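Thanks for coming. I have one structure to go through today, so please have the sequence and the coordinates open.

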Amino acid sequence: MVADDSKVVRVKTGRLLGAQHYQVVMAEDGLDAARQIESALPDVLITDVDMPGMSGLQLTRQLRANAATAGLPIIMVTSDSEQLRGEAHTAGVNVLLGKPYPEAQLLAHIQSLLSGQSGA
């Protein structure tokens with residue numbers, strides 16, 4: 001699942017993942033992602049930090065507090081990664097990527113999380 005309030009980012013990330021044969025579900029913000037995850041748990045969540053309604057950090061905390069979603073691998077993408085590193089780690093984010101990030105790096109983190117290895 002890709003949760004980002006930017007349609008451009010959702011489309012770009014969706015195309016990248018689709019080209020790697022991943023099935024991609026899109027969420028327009030944290031609230032949309034939370035609703036969709038209640039219905040169908042994705043294998044990995046890629047989320048932005050700053051979104052209207054529910055931020056990526058709020059979404060992460062909510063997912064970690066629920067036994068059904070506590071183990072969901074979460075990759076967070078942000079433009080101010082150093083400032084948020086501690087807060088993201090405390091919230092339960094597996095991988096924090098700064099914008100812009102190399103596409104190969106995102107794909108490598110997804111592979112690692114899906115194979116059960118710990119994130120960065």
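In helix α1, the buried residues are R10, T13, G14, L16 and L17. Buried here means under 20% relative accessible area, exposed means over 50%, and partly exposed is in between, with a 1.4 Å probe and protein chains only. Helices are DSSP runs of H or I with at least four residues, strands are runs of E with at least two, and both are numbered from the N terminus. Viewed down the axis of α1, the buried residues fall within an arc of 160°, so they line one face of the helix. That arc is taken over the directions from the helix axis to the C-beta atoms. On the face of α1 turned away from the buried side sit the exposed residues K7, V8, K12, R15 and A19.

A word on the source. This is a predicted model, in which local features need pLDDT of at least 70 and side-chain atom pairs count only at pLDDT 80 or more, while totals for chains, interfaces and linings use all residues. Residues are numbered from 1 along each chain as its sequence is written, and side-chain values use heavy atoms, with hydrogens and water left out.

Next, the sheet. In what order do the five strands of the open sheet come? The order is β2-β1-β3-β4-β5, with parallel pairing. Two strands pair if DSSP finds at least two bridges between them. At the edges are β2 (26-27) and β5 (95-98), each of which pairs on one side only.

Strand β3 has partners in β1 and β4. Two bridges join β1 to β3, and these run parallel; A3 has T47 of β3 as its bridge partner. Four bridges join β3 to β4 (residues 74-78), also parallel, and there the partner of T47 is M76.

In a regular strand, side chains alternate between the two faces of the sheet. From β3, L45 and T47 point one way and I46 and D48 the other, and all are buried. For β4, five of the five residues are buried, so the strand is largely enclosed by the rest of the structure. I74, M76 and T78 cover one side of β4, and I75 and V77 the other.

Now the pockets. On a 1 Å grid over the protein atoms alone, a pocket is an open set of points where a 1.4 Å probe fits, with protein on both sides within 12 Å along at least five of seven lines; lining residues have an atom within 4 Å of a point. Grid points are joined across faces, edges and corners, and the volume is the space filled by probe spheres set on the points.

The largest pocket holds about 300 Å³ of space. Its lining has 16 residues, with M1, Q23, P42, D43 and V44 nearest the centre. Helices α2 (30-39) and α5 (103-114) each supply at least two of the lining residues. By class, that lining has 13 nonpolar, two polar and one charged residues. Ala, Val, Leu, Ile, Met, Phe, Trp, Tyr, Cys and Pro count as nonpolar, Asp, Glu, Lys and Arg as charged, and the others, Gly among them, as polar.

The second largest pocket has a volume of about 250 Å³. It is lined by 15 residues, and V9, K12, T13, V77 and Y101 are the closest to its centre. Which element gives the largest share of this lining? That is α1, with four residues. The lining of the second largest pocket divides into eight nonpolar, two polar and five charged residues.
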